[in-house]
Amino acid sequence: MTKGGKRTFLLLSLLSLLWVTGVPVTAGAEEAQAAIGIKAGQYAPDFELVDYQGNKHKLSEFRGKPVLLNFWASWCTPCRMEMEDLADSAELYHDKVQFFGVNLADQDSPSVSEAFLKKFRVEFPNVLDEEGKVADKYHVLVIPTSFLIDSEGKVVQMVQGPLFNEEIDKLFKKVLN
């Protein structure tokens with residue numbers, strides 16, 4: 001693990017622990033994200049990573065369809081809490097919205113995270129961010145973090161913390177007619 005990866009791992013571990021114990025961390029994290037991160041209306045930075053079978057995927061290959069981009073790790077309790085609802089919503093909205101997962105593989109074991117996806121019957125593409133470069137590009141401070149991206153590739157909203165079916169439905173009203 002790189003030096004930057006260790007710092008990111010420790011920060012994400014601490015923030016996840018605080019979230020699970022009920023300590024409010026989202027306000028400060030959202031303020032930090034807003035100060036340095038990607039803002040609504042900006043084009044989502046494109047990237048290319050490989051999935052668990054070695055196939056390459058680019059974010060831009062989903063242009064023309066809204067995308068829910070989700071950053072996660074298998075050890076993250078809030079990620080575990082949301083994954084079943086993400087899988088269910090991906091199935092429900094499969095013809096309208098593309099779900100796209102990014103595993104923080106610089107902090108997670110690919111074999112463990114692949115088993116995690118199988119456990120929750122996740123069918124949407126998931127790629128491995130083995131060096132943490134994509135998470136850094138998106139200024140991911142807390143996991144899970146999701147970005148709703150419109151069909152033109154512009155960020156509509158960033159959500160820190162777990163997403164459940166009701167919140168997902170509300171989010172998609174912003175990009176679906």
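## Strands, a hairpin and a cavity

Leu 148 stands opposite Gln 157 in strand β7. The model is predicted, so local features need pLDDT of at least 70, side-chain atom pairs count only at pLDDT 80 or more, and totals for chains, interfaces and linings use all residues. Residues are numbered from 1 along each chain as its sequence is written, and side-chain values use heavy atoms, with hydrogens and water left out.

**The whole protein**

The protein has 6 helices and 7 strands. Both are DSSP runs, numbered from the N terminus: helices are H or I with at least four residues, and strands are E with at least two. Along the sequence, the pattern reads α-α-β-β-β-α-β-α-β-α-β-β-α. Of the 177 residues, 50% are buried. Buried means under 20% relative accessible area, exposed means over 50%, and partly exposed lies in between, using a 1.4 Å probe and protein chains only. Contacts (heavy atoms within 4.5 Å) also tell us something about the fold. Among contacts between residues at least 6 apart in sequence, 76% join residues at least 24 apart.

**How the strands pair**

Two strands pair if DSSP finds at least two bridges between them.

| Strands | Sense | Bridges | Residues facing each other |
|---|---|---|---|
| β3 and β4 | parallel | 6 bridges | Phe 71 and Val 102 |
| β4 and β5 | parallel | 3 bridges | Val 102 and Val 127 |
| β3 and β6 | antiparallel | 5 bridges | Phe 71 and Thr 145 |
| β6 and β7 | antiparallel | 5 bridges | Ile 149 and Val 155 |

Follow Phe 71 through the table. Phe 71 stands opposite Val 102 in β4 and opposite Thr 145 in β6. Val 102, in turn, has Val 127 as its bridge partner in β5.

In β4, Gln 98, Phe 100 and Val 102 point one way. Phe 99, Gly 101 and Asn 103 point the other way.

Strand β3, helix α3 (residues 77-92) and β4 make a right-handed β-α-β unit. Strand β4, helix α4 (residues 110-119) and β5 make another right-handed unit. A crossover is right-handed if, with the strands pointing away from the viewer, the path from the first strand over the helix to the second runs clockwise.

How accessible is Gln 98? Its relative accessible area is 16%, so Gln 98 counts as buried. Leaving aside neighbours within four places in sequence, Gln 98 is in contact with Phe 62, Lys 65, Pro 66, Val 67, Leu 68 and Pro 125.

Ser 109 sits in the loop between β4 and α4. Its relative accessibility is 31%, so Ser 109 counts as partly exposed. Ser 109 and Leu 128 are 19 residues apart along the chain, and their C-alpha atoms are separated by 9.9 Å.

**Strand β6 and the hairpin**

Strand β6 (residues 145-149) is mostly covered: 5 of its 5 residues are buried. Thr 145, Phe 147 and Ile 149 point one way, while Ser 146 and Leu 148 point the other way. Strands β6 and β7 form a hairpin with 5 residues between the strands. In this hairpin, Gly 153 takes a positive phi near 95 degrees.

**The cavity**

Rolling a probe the size of a water molecule over the atoms shows where empty space is left. On a 1 Å grid over the protein atoms alone, a cavity is a set of points where a 1.4 Å probe fits but cannot get out, and lining residues have an atom within 4 Å of a point. Points are joined across faces, edges and corners, and the volume is the space filled by probe spheres set on them.

How many cavities of 30 Å³ or more does the search find? The whole structure holds 1. The largest cavity has a volume of about 60 Å³. Its lining includes Phe 62, Lys 65 and Val 67, as well as Ile 149 and Gly 153. By class, the lining has 5 nonpolar, 3 polar and 3 charged residues. Nonpolar here covers Ala, Val, Leu, Ile, Met, Phe, Trp, Tyr, Cys and Pro; charged covers Asp, Glu, Lys and Arg; the others, Gly among them, are polar.

Terms used
On a 1 Å grid over the protein atoms alone, a cavity is a set of points where a 1.4 Å probe fits but cannot get out, and a pocket is an open set with protein on both sides within 12 Å along at least five of seven lines; lining residues have an atom within 4 Å of a point.
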